[in-house]
Amino acid sequence: LVFLAELNQLETWATDIGNAYLEAVTSEKLYIIAGAKFGDLKGHVLIIHKALYGLRTSGKRWHERLADCLRRLGFQPCIAEPDIWLRPGQDCYEYIGVYVDDLAIVAKDPQSIIDKLTNVHQFKLKGTGPMSFHLGCDYTRDEHGTLCISPTKYISKVIDSYKQMFGCSPMGNVLSPLEKGDHPEMDTSELLDQDGIERYQSLIGSLQWAVSLGRMDIATAVMTMSSFRAAPRKGHLERVKRIVGYLTKMRHAAIRVRTN
């Protein structure tokens, strides 16, 4: 969507719908018996009307509510990716990318869409404006005006988490995610204890999200090491530490959107 925005000279905005699930209502018959905290209502049967956080179907109810709103705005879901919504404009399509309650809006006039979401559908929006940070990823422009996509802030959080976990900074002079010709499947070092396994799995999860945010340069290494999550060894943990060290050195690497 960001590439299409650059290609067609459209604006890219982001917004977050506050208390999204509570904007939807339940379709099942749900109730509770009021406890002491309800005061005079103690013992009463209370019908649950809104899709409270924690209910099994709240996510589905919210998705249905937002889908109805987007259809009223003239958007239809993309056949290939249902969470990308599009509608024809004057000379190009306009888009809304949905991630639960986070929206990425690509349009000639995003403010008009925001106004309808706020005034017509009564959504409480926050963080609304030109996209600079979305789903953990930074969106900036270099000195030439080229759009740059990089999870710099997210990587800083990974580094901070690493320091808390191991009491030291990641290695800083790593030029590749894994050593050339390395074969982690042949590692025979000692198996990690439960604490080590949890640290290993936590790092792998953090690195997988970095890949989702555009760091494709570590995708193969992370995929390789994630296959050992069930029973990792000390040597495997050292390799994952190396990947974090590589990200530390290359934290400012970015995808640049050059449509020419």
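How much space lies in the second largest pocket? About 160 Å³ of space lies there, in a predicted model where local features need pLDDT of at least 70, side-chain atom pairs count only at pLDDT 80 or more, and totals for chains, interfaces and linings use all residues. Residues are numbered from 1 along each chain as its sequence is written, and side-chain values use heavy atoms, with hydrogens and water left out.

**View 1. The second largest pocket and its lining.** A pocket is an open set of points on a 1 Å grid over the protein atoms alone where a 1.4 Å probe fits, with protein on both sides within 12 Å along at least five of seven lines, and lining residues have an atom within 4 Å of a point. The lining includes V2, A5, E6, Y139 and R141, and helix 1 (2-7) gives the most to it, with 3 residues.

**View 2. The largest pocket, with about 580 Å³ of space.** Of the 23 residues that line this pocket, L1, A104, H134, L135 and Y139 lie nearest its centre. Strand 6 (93-99), strand 7 (102-107), strand 10 (137-141) and helix 5 (194-212) each supply at least two residues of the lining.

**View 3. H121 in the loop between helix 3 (110-119) and strand 8 (125-130).** H121 counts as buried because its relative accessibility is 6%, where buried means under 20% relative accessible area with a 1.4 Å probe and protein chains only. Leaving aside neighbours within four places in sequence, H121 is in contact (heavy atoms within 4.5 Å) with R65, C69, R72, L73 and K116.

How values were computed
Points joined across faces, edges and corners; volume = space filled by probe spheres on them. Helix = DSSP H or I, 4+ residues; strand = E, 2+ residues; numbered from the N terminus. Buried < 20%, exposed > 50% of the residue type's maximum accessible area, 1.4 Å probe, protein only.
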